[in-house]
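Open the model in your viewer and keep the sequence panel beside it. Each stop below says what to select and what is there.

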Amino acid sequence: MHFLKLLRPINLLIIAATMFGLAAYFDEYFVQFEGSSLIFSHTFILLVFSTLLIAGAGNIINDYFDVVADRINRPDKLIIDKHIKRRWAIVAHWAFNIIAFLIAIYLSIYYQSFWYVFVHLVSINILWFYSSYFKRTKVLGNLLIALLTALVPFLVGIFYQHELSGNHAFIYPFEPLGSTHYLILYIALCFGFFAFFLNLAREIIKDIEDKKGDKELHAHTLPLTVSIKKTKLISTFILVIPAFFSCMLYFILSSIQIKFIDVIPLLISALFVVLSIIWLWKAEQKSNYHNTHLLIKAAMIFGLITPLYWLFIA
């Protein structure tokens, strides 16, 4: 049970739901062109599984390096050293990464593309260096973790673009092959940018929440290098940006008849963003900041499940 908590199963479920939701929406286009479905293909399931393994390994190594800070910031949630020995945590971390990397090698051979090995290798290294060093730097650590979040929907778009076009480029996977291929990539990019900015703001607000523990580690996060007020201003500006990508997504899909019911999840997501901004400026206690980044997580969930909603409800 403690090991499961270490993996953050809710976050892993959100990643899986995002990938399967977007794939289910893209599947409609794929079936039109190829006459078959990809969402339950062994290659896509392996891609989702390897992504979850890397995310789980990232959560383990993050807690591994955060033991000292977590004793101060969240002693009630401390798992490593308290319930799980450090050596077993690091063994689990590398076991997950090795399995994920072997899957990436298989996918790269299967599709004759270095793309999957490249993304998995970069993700594994970013998570390691983020947890060991960059997490305690000003902004850069936040940017890196937000970038990895954005990769999740983008990776699904690349997977379907590969299958639709038969394009197995070394790294750069784009090729102007028609409106449908562009549509899939643009939708994936919009959701990727949406996730990037929301998660970036969330990570910065978590730094405010963890200010006391980070100070003990001599970290250089935004709240420790600029004032809390300036950090709140930066977070507010970042939170407004996803609205732009929501509008872009609306115009991209303008060729399809859009009804009010189609945009309900995006409106709910926008509502959570507004509430998070209000809560952020009212926040003074640590629990207030925690509730703020939970509201942002809710906004991300409603935004990223939108394709699944379009498929089954709208």
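**First stop: helix H5**

Select residues 86–111, helix H5: its 26 residues reach 38 Å from first C-alpha to last, close to the 38 Å expected at 1.5 Å a residue. Keep in mind that this is a predicted model.

Now colour the buried residues of H5. They are Ala 89, Ile 90, Ala 92, His 93, Phe 96, Asn 97, Ala 100, Ile 103, Ala 104, Leu 107, Ser 108 and Tyr 111. The list includes His 93, Asn 97 and Ser 108.

Step off the end of the helix. Gln 112 follows H5. This residue sits in the loop between H5 and helix H6 (115–132). Its phi is positive, about 50 degrees, although Gln 112 is not a glycine. Is Gln 112 buried or exposed? At 63% relative accessibility, Gln 112 counts as exposed.

**Second stop: another positive phi**

Go to Arg 8, in the loop between helix H1 (2–7) and helix H2 (9–34). Arg 8 is not a glycine, yet has a positive phi of about 55 degrees. Its relative accessibility is 27%, so Arg 8 counts as partly exposed.

**Third stop: the whole fold**

Zoom out. The protein has 14 helices and 0 strands. Of its 314 residues, 52% count as buried. Take the contacts between residues at least 6 apart in sequence: 76% of them join residues at least 24 apart. Show the surface next.

Which residues touch the most other members of the largest nonpolar core? Select Phe 26, Phe 44 and Tyr 160: they do, in a core of 82 residues. Then select helix H8 (residues 179–209), which gives the most to this core, with 16 residues.

Centre on Phe 26. Beyond its neighbours within four places in sequence, Phe 26 contacts Val 156, Gly 157, Tyr 160, Ile 184, Ile 187 and Ala 188.

Stay with H8 and move to Asn 199, which lies in this helix. Asn 199 has a relative accessible area of 5%, so this residue is buried. Setting aside neighbours within four places in sequence, its contacts are Ile 145, Ala 146, Thr 149 and Met 300.

**Last stop: aromatic pairs**

Show the rings of Phe, Tyr and Trp. There are 14 aromatic pairs. Start with Trp 94 and Trp 128: the ring centres are 5.6 Å apart and the planes stand at 35 degrees, so this pair is tilted. Trp 94 lies in helix H5 and Trp 128 in helix H6, so the pair ties together parts 34 residues apart in sequence. Trp 94 is partly exposed at 40% relative accessibility. Trp 128, at 24%, also counts as partly exposed.

Next, pick Tyr 111 and Phe 159. Their ring centres are 5.7 Å apart with planes at 85 degrees, so the pair is edge-to-face. Tyr 111 is in H5 and Phe 159 in helix H7 (residues 140–165), so this pair ties together parts 48 residues apart in sequence. Both Tyr 111 and Phe 159 are buried.

Finish by selecting the ring cluster. Ring pairs link Phe 20, Phe 26, Phe 44, Tyr 106, Tyr 110, Tyr 111, Tyr 116, Phe 159 and Tyr 160. Phe 26, Phe 44 and Tyr 160 from the core stop are among these cluster members.

Conventions:
Residues numbered from 1 in each chain as written. Predicted model: local features only at pLDDT ≥ 70, side-chain atom pairs only at ≥ 80, totals over all residues. Heavy atoms only, no water. Core = buried A, V, L, I, M, F, W, Y, C linked by side-chain atoms within 4.5 Å. Buried < 20%, exposed > 50% of the residue type's maximum accessible area, 1.4 Å probe, protein only. Helix = DSSP H or I, 4+ residues; strand = E, 2+ residues; numbered from the N terminus. Contact = heavy atoms within 4.5 Å. Expected span 1.5 Å × (residues − 1). Phe/Tyr/Trp six-rings, centres within 6.5 Å; stacked < 30°, edge-to-face > 60°.
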